[in-house]
Amino acid sequence: PAAVIFLGEEALKVIPGNHQELDQIQGRFFDYSGVKAMATYHPQDLLLRPDLKRPVWEAMQKVMEKAGL
């Protein structure tokens with residue numbers, strides 16, 4: 001894949017050795033098994049906190065750019 005997107009805190013738990021909170025790495029690329037990956041908020045979080053929509057949209061734009069979409 002061109003990129004992997006982790007949605008929410010629970011998704012970050014599958015990353016071996018990850019000790020960072022979502023707020024610390026949200027919207028930034030990191031390496032996951034040789035693939036560019038990005039973490040952002042889960043869609044349910046957006047329903048509870050509409051102010052998170054902008055950072056998620058900006059993160060998705062970065063991923064689409066990286067994937068050539």
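**View 1. Glutamine 26 is a buried residue in this predicted model.** Its relative accessibility is 16%, so glutamine 26 counts as buried (under 20% relative accessible area; exposed is over 50%, partly exposed in between; 1.4 Å probe, protein chains only). Glutamine 26 sits in the loop between α2 (22-25) and β2 (29-32). Helices (H or I, at least four residues) and strands (E, at least two) are DSSP runs, numbered from the N terminus. Residues are numbered from 1 along each chain as its sequence is written. In this predicted model, local features need pLDDT of at least 70, side-chain atom pairs count only at pLDDT 80 or more, totals for chains, interfaces and linings use all residues, and side-chain values use heavy atoms, without hydrogens and water.

**View 2. Glutamine 26 meets threonine 40.** A polar contact of 2.8 Å links their side chains (N or O atoms within 3.5 Å; within protein, one able to donate a hydrogen and the other to accept it; residues adjacent in sequence count only if both atoms are side-chain atoms). Leaving out residues up to four places away in sequence, glutamine 26 touches Ala39, Thr40, Tyr41, Pro55, Val56 and Ala59 (heavy atoms within 4.5 Å).

**View 3. Three strands form an open sheet.** The order is β1-β3-β2, with mixed pairing (strands pair if DSSP finds at least two bridges between them). β1 (4-7) and β2 are the edge strands, each pairing on one side only. β2 and β3 (residues 35-40) run antiparallel, joined by 4 bridges. Phenylalanine 30 stands opposite alanine 37 in β3.
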